[in-house]
Amino acid sequence: MPGSLNPTAMARLLGPWNSGAAPAYRELADVVRLLVMDGRIPLDVALPSERALAVMLGVSRTTVTAAYASLREQGFLSGGQGSRGRTGIPHRTVPVSGPGLAVPDGILDLAYASLPATGEVVHRAFADALIDLPALLPGFGYDAVGLPPLREAIADRYTAAGIPTAAAQILVTSGAQHALNIILKTLAGRQQKVLVEHPSYPNALDAIRASGSRTVPVPMPPAAEPTSGGGGEPTSGGWDIDGMVAAMRHQRPAMAYLVPDFHNPTGRIMSNLQRRRLVREAAGTGTVLVVDETLRELNLDDVSTSPLAAFSPAVVTIGSLSKSHWAGLRTGWIRADEDLISRFVQTRTTMDLGGPIVEQLAGVRLLRAFTEPLDARLAELRRNREALLGLLAEHLPEWHVERPRGGLTAWCRLPTPSSTALTVVAPDFGVRLAAGPRFGVGGAFEHFMRVPYTLAPTRLGTAVLALRDAQARIDASPQLRRTLKAPKEAAAVA
Ligand SMILES: Cc1ncc(COP(=O)(O)O)c(C=O)c1O
């Protein structure tokens with residue numbers, strides 16, 4: 001319910017906001033932004049008048065006027081000067097205009113882990129798709145399972161990888177996220193449990209929550225310490241399979257959502273030994289393993305592992321062209337046994353009646369020449385990864401950065417629990433971030449930041465310097481962190 005915040009309640013929420021490390025108006029605006037982003041000041045609430053707040057805080061009215069003006073400029077406050085502005089979230093921080101659509105000028109986007117299209121190749125695939133289109137125009141155009149040549153092309157790639165697959169085992173979807181929603185609606189739902197790695201991919205966690213299922217988070221072990229005399233980055237800590245087995249036995253989740261191939265956000269890859277054991281144990285507890293292989297092609301260290309489905313026909317696999325080619329294709333798929341595919345198709349038609357035809361025709365072309373754009377993409381990502389790791393070691397040596405084996409992101413442990421504060425402050429330095437808690441449940445990972453290496457080295461250089469400056473600002477204004485650490489207190493809204 002829209003309401004207003006009185007000066008006393010606001011002063012209590014602000015806490016000790018004024019450290020003197022920056023101009024007072026700026027510190028005040030920063031803390032208010034933080035409280036809005038953190039949900040402790042609700043949206044669409046009128047803040048106290050400038051005069052009343054100035055009196056309550058014992059500062060000049062100019063300070064409050066300037067703070068409110070800054071919040072207005074950034075989109076956190078509506079209304080003009082003089083009127084009581086209402087809180088809001090700026091459109092540009094809502095990830096609706098991500099990379100590939102419209103990146104706002106001057107802001108380096110580290111909130112997304114995605115790459116531009118493999119330009120030439122994707123464009124050519126669409127041009128060829130238009131040549132193939134006339135043959136399909138006499139049909140109705142509804143296609144709930146996917147175009148036969150696309151299902152075949154996807155199945156053939158699994159068969160070539162050593163997992164014999166028929167086209168009937170493939171359901172084409174509008175991306176991996178769509179695939180996960182279909183699976184959740186079919187296999188999980190209200191009151192059922194879904195095991196997840198912790199941390200995990202934020203949009204998947206959101207989808208699980210939205211399905212009404214309860215997440216069963218199993219912590220990923222901390223990154224191992226560097227092995228060689230203190231030098232180099234820590235290596236992967238793998239998966240806690242014992243923990244997953246215990247969770248499956250005791251909590252009996254209906255399904256597990258896992259990203260064993262260049263896990264988002266850590267970039268880890270699960271060993272074959274761990275895969276085999278996981279599949280065996282899941283069979284014993286009746287938990288369906290749903291494996292998201294969206295990042296599997298981004299194998300930067302040429303690690304050799306078998307897809308999880310190689311260990312059991314009961315494994316459900318999600319795939320996507322989003323990271324290998326382009327997210328704008330909105331083309332993904334589910335691989336499962338034929339009976340399950342039939343159930344997924346039934347669910348799918350409650351959500352939509354099929355994928356767009358031209359995208360699928362382009363998808364056939366891309367699948368048939370799958371590796372063509374991949375070498376260049378991997379070379380670019382390897383170069384970016386080394387650049388990022390080097391830059392972080394140089395400019396933020398107190399960050400503990402785990403070396404990713406593949407995928408698009410590095411998972412960094414921060415020296416202080418300041419991830420949300422960094423995310424709030426970073427746009428002032430020209431960088432957009434996704435805070436660590438987005439990757440967990442119950443507010444975990446305030447000590448972590450995911451940094452993608454999707455930008456070229458020079459832009460990564462600018463971004464890391466901005467991160468360093470943002471971190472320095474947090475270090476100089478500990479009240480930003482303190483505000484976060486304070487116990488949650490519902491804002492008094494009248
Ligand atoms: C693990 C994982 N799954 C799914 C997606 C989204 O895939 P899609 O664009 O196919 O919906 C992403 C994108 O970052 C991802 O990292």
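What is the volume of the second largest pocket? The second largest pocket has a volume of about 490 Å³.

## About the model

This is a predicted model, in which local features need pLDDT of at least 70 and side-chain atom pairs count only at pLDDT 80 or more, while totals for chains, interfaces and linings use all residues. Residues are numbered from 1 along each chain as its sequence is written, and side-chain values use heavy atoms, leaving out hydrogens and water.

## Pocket and cavity

Let's start with the pocket. On a 1 Å grid over the protein atoms alone, a pocket is an open set of points with protein on both sides within 12 Å along at least five of seven lines, a cavity is a set where a 1.4 Å probe fits but cannot get out, and lining residues have an atom within 4 Å of a point. Of the 25 residues lining the second largest pocket, R157, E293, R296, E297 and F370 lie nearest its centre. At least two lining residues come from each of α6 (148-160), β9 and α13 (374-395). The lining of this pocket has 13 nonpolar, 7 polar and 5 charged residues.

The whole structure holds 2 cavities of 30 Å³ or more. The largest cavity has a volume of about 60 Å³, and its lining includes D143, R330 and R348. By class, that lining has 2 nonpolar, 6 polar and 3 charged residues.

## The sheet

Seven strands form an open sheet with mixed pairing, in the order β4-β10-β9-β8-β7-β5-β6. Its edge strands, β4 (170-173) and β6 (214-219), each pair on one side only. Strands here are DSSP E runs of at least two residues, and helices are H or I runs of at least four; two strands pair if DSSP finds at least two bridges between them.

Within the sheet, β5 (residues 193-198) and β7 (residues 255-258) pair in the parallel sense over 3 bridges, and V196 stands opposite Y257 in β7. Helix α11 (residues 338-351) packs on the sheet, touching β4, β9 (316-320) and β10 (332-335). Contact means heavy atoms within 4.5 Å.

## Two crossing helices

The axes of α1 (residues 7-14) and α2 (residues 24-37) come within 10 Å and cross at roughly 90 degrees. That makes α1 roughly perpendicular to α2, a label for angles of 65 to 115 degrees. Axes are lines fitted to C-alpha atoms over the stretch in contact, and angles run from 0 to 180 degrees between N-to-C directions.

In this contact, M10, L13 and L14 in α1 meet L28, V31, V32 and L35 in α2. These residues divide into 7 nonpolar, no polar and no charged.

How values were computed: Grid points are joined across faces, edges and corners, and a volume is the space filled by probe spheres set on the points. Ala, Val, Leu, Ile, Met, Phe, Trp, Tyr, Cys and Pro count as nonpolar, Asp, Glu, Lys and Arg as charged, and the others, Gly among them, as polar. Angles under 35 degrees count as roughly parallel, over 145 as roughly antiparallel, 65 to 115 as roughly perpendicular and the rest as oblique.
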